[in-house]
Amino acid sequence: MKLYSYFRSSAAYRVRIVLNLKQISYTIVPVHLVHNGGEQHSVEYLNVNPQGLVPSLDIAVPSLDIAEPNINAAEPESKPQIITQSGAIIEYLEEAFPQPALLPINLIQRAYVRTLMQIIACDMHPLNNLRVLRYIEDAFDCDGSEKMTWYHHWLATGFAAIEALLARKGCSHYCYDDQLTMADVYLIPQVYNALRFKLDMKPYPLINRIYQHCILLPAFFDAAPEQQPDVDK
Ligand SMILES: N[C@@H](CCC(=O)N[C@@H](CS)C(=O)NCC(=O)O)C(=O)O
């Protein structure tokens, strides 16, 4: 598999964690979101993902073209098969590679894990994405500190809700019970970003405990921005 990724992208970080947890081998295709005017806007990359966002996963399935079989090929040819949107990629990986399971068995508990994921994926991350920050900067002529106020506001709002849900249900070193789930996969990259942009994390002790535990696990450690081949030196 090929993962189109940027070392600092938290959406790509989620997918890297899942690939590592499921021990799926993959190569990184770096897409630098800043250099060259943003490589996500290049024609080549827009052919991969017309949204111009990372991550994209090429699962390169063997060709099933029966009409024109390549009789000389020792192995079936692989055709690019691109999946975009980290949520769709992660759900695909969960269904195609069920072990280790990243959702609880119980349906209500699955919904709980998805609630935590979606607070991050729908109500936090999109408001603080690079293109959104650039847009508010240009359209409303706001300066760096106003942009940071916006950034911190949406992170704090989301983390407060997650902390309250974790406190209400109870949690250990993971968001759900003692099982590592997709909720942890989404939470850790979002906390990483918050720390990078110096959000005060003291109000969220349960989130901090989960973060400190998970970042030391090999699948999370290896997925971290600093460990990526495209990290800015
Ligand atoms: N909902 C998308 C979000 C993807 C996304 O926003 N990726 C960011 C990096 S974390 C990006 O590519 N930004 C490029 C830009 O804003 O121009 C997903 O989960 O895959």
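Tutor: Contact here means heavy atoms within 4.5 Å. The model is predicted.

Start with arginine 8. Arginine 8 sits in the loop between strand E1 (2-5) and helix H1 (10-21). Leaving out residues up to four places away in sequence, arginine 8 touches Asn193, Arg196 and Asp232. Its relative accessibility is 31%, so arginine 8 counts as partly exposed. Histidine 32 is 24 residues from arginine 8 in sequence. In space, C-alpha to C-alpha, arginine 8 and histidine 32 are 9.4 Å apart.

Now follow the chain into H1. H1 packs with helix H3, their axes 9 Å apart at an angle of about 10°. The cut-off for roughly parallel is under 35 degrees, so H1 is roughly parallel to H3. On the H1 side, the contact is made by Ala11, Arg14, Val15, Val18 and Leu19. On the H3 side, Ser86, Ile89, Ile90 and Leu93 make the contact. By class, the contact of H1 with H3 has 7 nonpolar, 1 polar and 1 charged residues.

Take serine 86 from that contact. Serine 86 lies in helix H3. Its relative accessible area is 6%; buried means under 20%, so serine 86 is buried. Beyond residues up to four places away in sequence, serine 86 touches Ala11, Arg14 and Val15, along with Pro55 and Tyr186.

Proline 55 is in the loop between helix H2 (43-48) and strand E3 (56-58). The peptide bond joining valine 54 and proline 55 is cis, with omega about 10°. A cis bond also runs from glutamine 99 to proline 100, with omega near -10°. Proline 100 is found in the loop between helix H3 (86-96) and H4.

Two further loop residues deserve a look. Asparagine 36 is not a glycine, yet has a positive phi of about 55°. The loop that holds asparagine 36 is between strand E2 (27-30) and H2. With a relative accessible area of 67%, asparagine 36 is exposed. Aspartate 141 is not a glycine either, and has a positive phi of about 55°. Aspartate 141 belongs to the loop between H5 and H6. At 68% relative accessibility, aspartate 141 counts as exposed.

Helix H6 covers residues 144-169, with 26 residues. From first C-alpha to last, H6 reaches 38 Å, close to the 38 Å expected at 1.5 Å a residue. Buried residues in H6 include Lys147, Tyr151, Leu155, Gly158 and Phe159. Ile162, Glu163, Leu165 and Leu166 of H6 are buried too. The partners of the buried H6 residues are helix H4 (107-124), helix H5 (130-139), H7 and H8.

Two of those partners also pack with each other. Two packed helices are described by the angle between their axes and the distance between the axes. The axes of helix H7 (residues 182-196) and helix H8 (residues 205-214) come within 10 Å. These axes cross at roughly 100°. The range for roughly perpendicular is 65 to 115 degrees, so H7 is roughly perpendicular to H8. In H7, the contact residues are Asp184, Leu187, Ile188, Val191, Tyr192 and Leu195. They meet Ile207, Ile210, Tyr211 and Cys214 in H8. By class, the contact of H7 with H8 has 9 nonpolar, no polar and 1 charged residues.

Cys214 raises the matter of disulfides. A search of the whole structure finds 0 disulfides. The cut-off is sulfur atoms within 2.5 Å. For cysteine 214, the nearest cysteine sulfur is that of cysteine 175, 7.2 Å away, and cysteine 214 is in no disulfide. Cysteine 214 counts as buried, at 0% relative accessibility. Cysteine 122 is in no disulfide either; the nearest cysteine sulfur, again that of cysteine 175, is 16 Å away. Cysteine 122 is partly exposed, with a relative accessible area of 46%.

Notes. Residues are numbered from 1 along each chain as its sequence is written. This is a predicted model: local features need pLDDT of at least 70, side-chain atom pairs count only at pLDDT 80 or more; totals for chains, interfaces and linings use all residues. Side-chain values use heavy atoms; hydrogens and water are left out. Buried means under 20% relative accessible area, exposed over 50%, partly exposed in between (1.4 Å probe, protein chains only). Axes are lines fitted to C-alpha atoms, for helices over the stretch in contact, and angles run from 0 to 180 degrees between N-to-C directions. Helices (H or I, at least four residues) and strands (E, at least two) are DSSP runs, numbered from the N terminus. Angles under 35 degrees count as roughly parallel, over 145 as roughly antiparallel, 65 to 115 as roughly perpendicular and the rest as oblique. Ala, Val, Leu, Ile, Met, Phe, Trp, Tyr, Cys and Pro count as nonpolar, Asp, Glu, Lys and Arg as charged, and the others, Gly among them, as polar. The expected span of a helix is 1.5 Å times one less than its number of residues.
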